[in-house]
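Subject: Structure handover

Hello,

Here is the structure you are taking over. Please open it and keep it in view while you read the notes below.

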Amino acid sequence: MLRWPSRVRPCCRYSLGGMATMRPPQRFSETGSKSRMIQVWLILIAQAHVGEPITYSELSVLMLGKRLPRSPAMRLGQLLTYCKERGLPPLPVIVVTKKTKKPAPDAPYNPSAVPSDMRRVFAFDWFGIHPPTEDDLED
C-alpha cells in the first residue's frame, strides 16, 4: 500500500525523479450519478458533432462496458432537464432505439418534433460552450 509523505498532497505522488506527479484519472465507474451525466454529455456532444444518432445499446457499451437496451445510469432525463433549463437543444434526443432509429416511445419528446430537434442538436456548436460541472447537475 502506498503511503503519502506528509509534505505531499493526496492527489500527488513522487516519481522516480523526485518530482510530484498527478495520480491517474478517476474512472467514471468509480464515481456517482452526477459524474455519469457528465460522461453522457461528453459522449453525446461527440456523437452530435458526427451528425448521427446513437442507440441506447451503443451508449451503454461506451458508458458501462456492456450492451444494455436502456439503463438508469444513462441519466438522459436529467440531462434533458439541464438542456431545457439553459435553452439548449435537447441533446438526449439523439439517443434512439436500434429498431426504429427514434427515441424510445416513453421518452419525454414530442414525436412530431424529434426530426427538427435532432437537426438542432446536430447543428449546435456543443464544443463552443462550457460543459456542465457536477454543481450544475441535479441528482
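The notes below cover the core, one serine and the salt bridges.

This is a predicted model, in which local features need pLDDT of at least 70, side-chain atom pairs count only at pLDDT 80 or more, and totals for chains, interfaces and linings use all residues. Residues are numbered from 1 along each chain as its sequence is written, and side-chain values use heavy atoms, with hydrogens and water left out.

The largest nonpolar core has 31 residues, and Trp41, Leu44 and Leu59 are among those with the most contacts inside it. (Such a core is a set of buried Ala, Val, Leu, Ile, Met, Phe, Trp, Tyr and Cys residues joined through side-chain atoms within 4.5 Å; buried means under 20% relative accessible area, exposed over 50%, partly exposed in between, with a 1.4 Å probe and protein chains only.) Helix H1 gives the most to this core, with eight residues.

Ser57 is in helix H2, residues 56-64 (helices are DSSP runs of H or I, at least four residues, numbered from the N terminus). Ser57 counts as buried because its relative accessibility is 13%.

There are two salt bridges, each a side-chain nitrogen of Lys or Arg within 4 Å of a carboxyl oxygen of Asp or Glu. Glu85 pairs with Arg86, with the closest N and O atoms 3.4 Å apart. Arg120 pairs with Asp117 at 3.1 Å between the closest N and O atoms; both lie in helix H4, three residues apart, about one turn of the helix. Asp117 is buried at 12%, whereas Arg120 is partly exposed at 41%.

Regards

Key:
Helices (H or I, at least four residues) and strands (E, at least two) are DSSP runs, numbered from the N terminus.
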